[in-house]
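The following exercises are to be worked with the sequence and the model in view. Each task is followed by a solution in steps.

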Amino acid sequence: FDACEAPFVCIIRLYVDPKYRRQGIATFMLNRLISKFSCNYIVDAYPDDKHYMSSSKLLKFYNSFGFKEDKRTDDGMRMIKRK
């Protein structure tokens with residue numbers, strides 16, 4: 001994979017059921033994952049529920065964990081966090 005050297009973790013989808021949102025679950029999960037594995041990360045960031053979170057808010061969310069925009073995809077943005 002040319003955008004990120006191995007080893008890397010690929011996050012396909014981070015989804016929290018609407019009844020559990022705004023409780024810090026996604027933040028907890030990402031913090032836990034990043035602290036547990038010292039590697040590169042790739043995420044395909046696209047909002048499942050655009051009424052809840054816009055694309056720009058979602059990108060800001062991942063930016064706050066150190067992810068950088070890499071490449072537009074059909075659904076959103078591929079983002080990378082390098083170790």
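**Exercise 1: A polar pair**

The side chain of R78 makes a polar contact with the side chain of D70 at 2.5 Å. The structure is a predicted model, in which local features need pLDDT of at least 70, side-chain atom pairs count only at pLDDT 80 or more, and totals for chains, interfaces and linings use all residues. Residues are numbered from 1 along each chain as its sequence is written, and side-chain values use heavy atoms, with hydrogens and water left out.

Task: Classify the meeting of the side chains of R78 and D70, and state whether R78 is buried or exposed.

Solution. 
- Step 1. A polar contact is a pair of N or O atoms within 3.5 Å; within protein, one must be able to donate a hydrogen and the other to accept it, and residues adjacent in sequence count only if both atoms are side-chain atoms. The R78 and D70 side chains make such a contact.
- Step 2. A salt bridge requires a side-chain nitrogen of Lys or Arg within 4 Å of a carboxyl oxygen of Asp or Glu. R78 and D70 form a salt bridge, with 2.5 Å from N to O. The count by this rule is one salt bridge.
- Step 3. R78 belongs to strand β4, residues 77-81; strands (E, at least two residues) and helices (H or I, at least four) are DSSP runs, numbered from the N terminus.
- Step 4. Buried means under 20% relative accessible area, exposed over 50%, and partly exposed in between (1.4 Å probe, protein chains only). R78 is buried because its relative accessibility is 15%. D70 has 36% and is therefore partly exposed.

**Exercise 2: A buried strand residue and its neighbours**

Task: Find which residues I11 is in contact with, leaving aside its neighbours within four places in sequence.

Solution. 
- Step 1. I11 lies in strand β1. At 11% relative accessibility, I11 is therefore buried.
- Step 2. With neighbours within four places set aside, the contacts of I11 are L30, L33, Y41, I42, V43, D44 and F67.
- Step 3. I11 and L33 are 22 residues apart along the chain, and their C-alpha atoms are separated by 10 Å.
- Step 4. For another residue of strand β1, take F8. With a relative accessible area of 36%, F8 is partly exposed. F8 and S38 are 30 residues apart in sequence and 8.9 Å apart in space, C-alpha to C-alpha.

**Exercise 3: A buried asparagine**

Task: State which backbone atom the side chain of N40 reaches.

Solution. 
- Step 1. N40 is part of strand β2. Its relative accessibility is 4%, so N40 counts as buried.
- Step 2. The N40 side chain reaches the backbone nitrogen of K83 at 3.0 Å.

**Exercise 4: Loop residues**

Task: Describe the backbone of R22 and the contacts of G66.

Solution. 
- Step 1. R22 sits in the loop between β1 (8-11) and α1. R22 is exposed, because its relative accessibility is 76%.
- Step 2. Although R22 is not a glycine, its phi is positive, at about 65 degrees.
- Step 3. G66 occupies the loop between α2 and β3 and is partly exposed, with a relative accessible area of 28%.
- Step 4. Apart from neighbours within four places in sequence, G66 is in contact with I80 and K81. The C-alpha atoms of G66 and I80 are 8.3 Å apart, across 14 residues in sequence.

Technical notes
Contact = heavy atoms within 4.5 Å.
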